[in-house]
Amino acid sequence: MSRLPPALLYLTIYNPTLKPKGSIPSDDEDAEEQAHILFYTARERAVSRDRILRQVGLAKALIHFSEMFSPEEACENVHSQSRRMIMVSPEPDFWIHACFELAKTPRQAGPGKGKGKGKAKDKGIDRERAKEVDLGYDYQDGSAQDIELRSHLLRGYKEFKLVHGSFSSILNLLGQQALELQLERFFTVWAWKWDVEEDADFGIHLGMPLHPIYPKLVPLVDDFASKTPLSDNSLPFVLAPPHIVPSTSFTTSNCPLTLPLYLRSRIPPPRPSSPPPSVKEQPALSAGNDSEKRAPASNSTKHSSNPSGSSLLSLGATMDVRKWNWPEYLTFGKGGGRKTAGSGDVVEGAQQPEIKSGDAQRLGVEEPQVDAESLHDAMSSVAIPVMDQKEPPGDEIVAFEILPPPAQNEASEVEELSTLPAHAMADHITRINDAPHDTISDDPPINADKLETPSHEADDRQPPPSPPRGEPPSPLNPTLSPILVASPAPSHECISPPSTAPTPAFSSISIYIAALDEPQATVRRRVYYLIRDQLAIAFVARENPEYTDDELSVIHEAASVLLTSIKSCIAEQESRWGGETPLPSTSKILQQRDQYILDTGHGTTVSSPDFASRSEHLYQGQELIGSPEVLEVFSRTQGAQHWHIARREAESETMQFMEVYRKETSLIDVDNELAEVVRQCRGDLHD
């Protein structure tokens, strides 16, 4: 039986102090309750009004009941056999309530037992009913953790507050209708992109990871802030996804990490390196008179040979079933014998002899007829250069331009050209393209720098009369037909893009920031950020006065230098780690590595490389050490005998978590291992 992961059932935001607008109908008893609900979304597409009111009413009743026993601490979660209910109050009188279904595994119940003895007909019905089984579910209580669900709901609220402002400020400034509209636009998308199980990583839950060499990078960011005209509350930081390098002012200001997380989503992912196309994949086109090379690739069957020598049909190719060479035993009695080459039919795959123009009458082969109208249309249209498989010497590029119609003395030449056979026509065009420019046209030579707009100012001839509207030019009148002439194209230096891209300017976004003493009074501020080579630097702009163009130019230059320095430091450290890494033994490859993560207390973490854990023991340990009486928690699993440690320091807000997977490890060994990790991390911080 497949396991069903935990999922969100419904999410609602309400304020029990809101009053309905206007007069309330006497027969509508639920109008006041409905006015409390600001936002509601559910997994079911259609939910009745009564059901919504019952769900919100149950949450309000549980909160009121818990406040009777503890007025300072309201109810925050309710557990049942299959569900979890979470209530969070991010602002006074505002509540976010969510209900989740636990992970479950379907199970089959035993068939029901028949009662008594019935007739023969009833016995048959009882047997059919006995085959039917009732499906039940076994729910996993540890699949959803209250502290993680509450933390994710608060992160969603902080992101909304960063982009739109607090609930109270929107309600006071814009009104209830504007608040409901903004809640609908934001939380509908946010709620249903939430994967309850996949987003339950313990590292993401604690905060944003610091870069492994952040002690060397933080002084660079502080030096940038001191040498540029930034304000004291600019709070600069650098992002190297998924890590952050905060400045000292950013760390000491207790600024929430919602802004770095929001900006990290704007950094584009690195582009995958595409391998260069092989020679076989490049189309082989030539200017010869071979019609098969001129045919598009979609009209021919492409084959590739495997190491065994057999021919395989390549992807994207078209195939004609009529051209398959069916064996005799698959012809089903319809012409199973193979035809020989002497039967007069063309053998498929055999090389055909090339027929020249002089041998056409001797061999009795009919020469192809040339349509004069089609020839004129081909000559009067702008040609697209077709690159041969062999590039011209000197990397020359052949460009085409349209010249004025030929003179009267050239009419005979055009008329002779229209009567030539197909292969002779191709040879004639090739000779024209290879001929020098001065032998084709009497116009002055064209400058390569002005190839796009050829000049005819030196030509004193009057322009030829244009044909009547709606009537195409006749091929019999050469004065109305332009000639396709090949002219030398500019060199690669003229058409190639510049070697260095222009320096990008700062990008900016508007956010809402609140002071620590008044968290609901949000103020709109502007944030400047610069993204380069998967790195980003951002800072909060000052309010008054605004930055001038010269100041932004100085800051931009310093930010570019900072990102270059950080990139070189990271590359140097990665090369050093790559050279010092020894080859692991077989036992270390098979054994799961120990991992740790330290919470700095400022929303950032220091962890072992590639830390990833969804262990319920770490969540439970964090919840236990949250009380003042508990400082550390050690837990050990029964089957695999893995250790899970959670510790909090009494002097500071830092917390340490560790998972030890080595077998036969005692409690003393685990405690010493955690102390060594903490000592090493503190040494790196002081260095």
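**Close-up views of a predicted model**

**Figure 1. Tyr547 is a buried residue, because its relative accessibility is 10%.** Buried means under 20% relative accessible area, exposed over 50% and partly exposed in between, with a 1.4 Å probe and protein chains only. The model is predicted, so local features need pLDDT of at least 70 and side-chain atom pairs pLDDT 80 or more, while totals for chains, interfaces and linings use all residues. Residues are numbered from 1 along each chain as its sequence is written, and side-chain values use heavy atoms, with hydrogens and water left out. Of the 687 residues in the protein chain, 31% are buried.

**Figure 2. Aromatic rings form pairs, 21 of them in total.** Rings of Phe, Tyr and Trp (its six-membered ring) pair if their centres lie within 6.5 Å; planes under 30 degrees apart are stacked, over 60 edge-to-face, and the rest tilted. Phe39 and Phe187 make a tilted pair, because their planes meet at 45°, with 6.1 Å between the ring centres. This pair joins distant parts of the chain: Phe39 belongs to strand β2 (residues 37–42) and Phe187 to helix α6 (residues 176–192), 148 residues apart. Phe39 and Phe187 are both buried. Another aromatic pair, Phe539 with Tyr547, is edge-to-face, with 85° between the planes and 6.3 Å from centre to centre. Phe539 has 1% relative accessibility and so counts as buried.

**Figure 3. The charged end of Lys104 sits over the ring of Tyr137.** The distance to the ring centre is 4.3 Å. To count, NZ of Lys or CZ of Arg must be within 6 Å of the ring centre and within 35 degrees of the ring normal.

**Figure 4. Asn15 lies in the loop between β1 (7–14) and α1 (31–36).** Helices (H or I, at least four residues) and strands (E, at least two) are DSSP runs, numbered from the N terminus. The protein chain has 20 helices and 22 strands. Asn15 is buried, because its relative accessibility is 3%. Apart from residues up to four places away in sequence, Asn15 touches His36, Leu38, Asp93 and Phe94. Contact means heavy atoms within 4.5 Å.

**Figure 5. Glu659 is part of strand β22 (residues 655–660).** Glu659 is a charged residue type that counts here as buried, because its relative accessibility is 1%. The C-alpha atom of Glu659 is 6.3 Å from that of Tyr596, although 63 residues separate the two along the chain. Setting aside neighbours within four places in sequence, Glu659 contacts Asp594, Gln595, Ser613, Ser615, Leu618, Trp643 and His644. Across the protein chain, 63% of the contacts with a separation of 6 or more are between residues 24 or more positions apart.

**Figure 6. Pro241 and Pro242 are joined by a cis peptide bond.** Its omega is about 5°. Pro242 is in the loop between β9 (237–240) and β10 (243–246). The bond from Asn544 to Pro545 is also cis, with omega near -5°. Pro545 is in the loop between β17 (535–540) and α17 (549–580).

**Figure 7. Asp533 has a positive phi although it is not a glycine.** The angle is about 55°. Asp533 is found in the loop between β16 (522–532) and β17, and is partly exposed because its relative accessible area is 48%. Asp610, which is not a glycine either, has a positive phi near 55°. Asp610 lies in the loop between β19 (604–607) and α19 (616–625). With 76% relative accessibility, Asp610 counts as exposed.

**Figure 8. The second largest cavity has a volume of about 50 Å³.** There are two cavities of 30 Å³ or more. A cavity is a set of points, on a 1 Å grid over the protein atoms alone, where a 1.4 Å probe fits but cannot get out; lining residues have an atom within 4 Å of a point. Grid points are joined across faces, edges and corners, and the volume is the space filled by probe spheres set on them. Pro246, Phe250, Thr251, Asn254, Cys255, His602 and Thr604 line the second largest cavity. Three of these lining residues are nonpolar, four are polar and none is charged. Nonpolar covers Ala, Val, Leu, Ile, Met, Phe, Trp, Tyr, Cys and Pro; charged covers Asp, Glu, Lys and Arg; the others, Gly among them, are polar.

How values were computed
1 Å grid on protein atoms, 1.4 Å probe; cavity = no way out; pocket = protein on both sides within 12 Å on 5 of 7 lines; lining within 4 Å.
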